[in-house]
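Please walk me through this protein model, from its strands and helices to the contacts between charged side chains. A plain account in running text is enough.

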Amino acid sequence: MLTYIGIDLGTTSVKVCIVKDGAQIATISKSTNADIKSSLGSSGFEQDAAAILSTTQSCLKGLSQKTLASVQKICITGQMHGVMLWSSTNTNTFYNRERDEFDITNISPLYTWQDQRCTEEFISSLPKPVSHLSLSTGHGNATLFWLSMFQPEFLFRYDRAGTVMDFLVSVLCGLDSPIMSTQLGASWGYFDCSAGCWNKEVMEQKSFPVHLLPQVVKPGSKAGNLQFDWLAVKKDTPILVALGDTQCAVYSILRNPHEAVINMGTSCQLAFPEFLATVPSSPDPSSPVQYFPYFNNQYLAVAASLNGGNVLAQFVNMIQNWMGYLGLVKSDEEIWKILLESPSKSKPNSIQIIPTIFGERHAPSQRGEITGITAGNMDLHQVFQALCRGLVENLTRMMSPSFLKQKGINKLLGTGSVIHKNPIIQREVMTQYGGLNIELGGQSDSAFGAALFCEASDKR
């Protein structure tokens, strides 16, 4: 039996998927609980990479070791944009072969895509990228610029940088220097997709530590071979360069060039692949649609909102806090049950909520707003319905139904945990994108997409 494994290092969980002949034969997912407090308070979003890799190990242990022994190739995907640092002198010590477990020490935090330390003023002070993609807070090279200016002593401890996926690939392959795909390179900023290289000369204008930039290769390139038996996965198993989770999620579900995917989980994305005759030489910072490298020389048109399930989670947390002031206690699960038991038909409601409490990459200073409140519409269910409606409205402002039709898209596939679980969001997607054929409930899965791409790469 020949099988292929995809591993998704997500923001809140790790998922592992094994496929054979295009079908999923085994899968497992576990929460990482990797968030750590930042010295910057709410401006810093940081995670413990050791906890993420420990969860990965736990997932593999939960799968059939016989199935793992049949794995022919490995492909790792995960959260884009983020950056972590380590020392090359420690790369071969990060996995304890005697105990068969990761032993991760002396690394930096993982600064995630949600990081807010780079203000608009700071971003505007940096050199302009030679790229069609804008630079935003949370992008790896923006964070590295910030660290080089405000915490240079900290940066001097390390000589390697990459996403957490690149770090895992480096550990498994025993790489002296990390290798990164164009998908992840583009997500860091200061990457020229046309030339396939970093803007080193531009970055050096502000004394950027360019020695930290990984080598960049195309998706599907081999990063190396597994340097040891990883549980039952055999030594010398080929490992591909790591991929972006958005690209893999789309790859897992799209089968038709006239389809687009709307995915709402922690954040929200609406995306479809297309060929670009020419890639713009400069970014349009005000554009909500950006084009990231995809597969087979295509680009992925993406409207990536920073506001999705995280906004609904904040709403639930707010309710809990208010109840706490009143001496009342209800769990997350109890509150969600009440909210999702809203009437099946929404009442006429004048409340308008702009839910962008986390800003947007194309409008980082944008904040949430509520208007249209009256004495008769402040019922909890009405407010929650307005919040759900606002999330989908925000997405239509970023990528409208008319834009999709102009691009030849006639079908929208809805996926992600929020769409699966929230009937109000489902109704709003059906209503606001009603001019398209809509299919909800599909499984867009980054780990599955990575495994499928891994298998396909063996057949080319």
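The model is a predicted one. Strand β1 covers residues 3-9 and strand β2 covers residues 13-20; the two run antiparallel and are joined by six bridges. With three residues between them, β1 and β2 make a hairpin.

Two bridges join β4 to β5, which spans residues 46-47. Within this pairing, D35 is found opposite Q47 in β5.

Next comes helix α16, which runs over residues 446-459 and has 14 residues. From its first C-alpha to its last, α16 reaches 20 Å, close to the 20 Å expected at 1.5 Å a residue. How much of this helix is buried? Of the 14 residues of α16, 11 are buried, so the helix is largely enclosed by the rest of the structure. The buried residues include F448, L452 and F453, and also E455. The N-terminal end of α16 is capped by D445, which places a side-chain oxygen 2.9 Å from the backbone nitrogen of A447.

The charged contacts come next. Side chains of opposite charge can pair when their charged atoms come close. The structure holds 11 salt bridges, and a few of them are described here.

E101 and R99 meet through their side chains in a salt bridge, with an N to O distance of 2.8 Å. Is this pair buried or exposed? E101 is partly exposed at a relative accessible area of 28%, and R99 is partly exposed as well, at 49%.

A salt bridge also forms between E274 and K407, where the closest N and O atoms are 3.7 Å apart. This pair links distant parts of the chain, since E274 lies in strand β20 (residues 268-274) and K407 in the loop between α13 (401-406) and β25 (411-415), 133 residues apart. E274 is buried, with a relative accessible area of 15%, whereas K407 is partly exposed, with 37%.

A further salt bridge lies within a helix. The side chains of R389 and E393 meet at 3.8 Å, N to O. Where do these two residues stand relative to each other in helix α12? R389 and E393 are four residues apart in α12 (residues 380-398), so about one helical turn separates them. Buried here means under 20% relative accessible area. R389 counts as buried because its relative accessible area is 14%, and E393 is buried with 19%. Elsewhere, salt bridges that share partners join E46, D115 and R117 into one network.

Two backbone angles complete the account. Y190 has a phi near 60°, a positive value in a residue other than glycine. Y190 sits in the loop between α7 (182-188) and β13 (191-192). With a relative accessibility of 0%, Y190 counts as buried.

D236 likewise is not a glycine, yet has a positive phi of about 80°. D236 belongs to the loop between β16 (222-225) and β17 (238-240). The relative accessible area of D236 is 48%, which makes the residue partly exposed.

Technical notes. Residues are numbered from 1 along each chain as its sequence is written. This is a predicted model: local features need pLDDT of at least 70, side-chain atom pairs count only at pLDDT 80 or more; totals for chains, interfaces and linings use all residues. Side-chain values use heavy atoms; hydrogens and water are left out. A salt bridge is a side-chain nitrogen of Lys or Arg within 4 Å of a carboxyl oxygen of Asp or Glu. Buried means under 20% relative accessible area, exposed over 50%, partly exposed in between (1.4 Å probe, protein chains only). Two strands pair if DSSP finds at least two bridges between them. The expected span of a helix is 1.5 Å times one less than its number of residues. A polar contact is a pair of N or O atoms within 3.5 Å; within protein, one must be able to donate a hydrogen and the other to accept it, and residues adjacent in sequence count only if both atoms are side-chain atoms.
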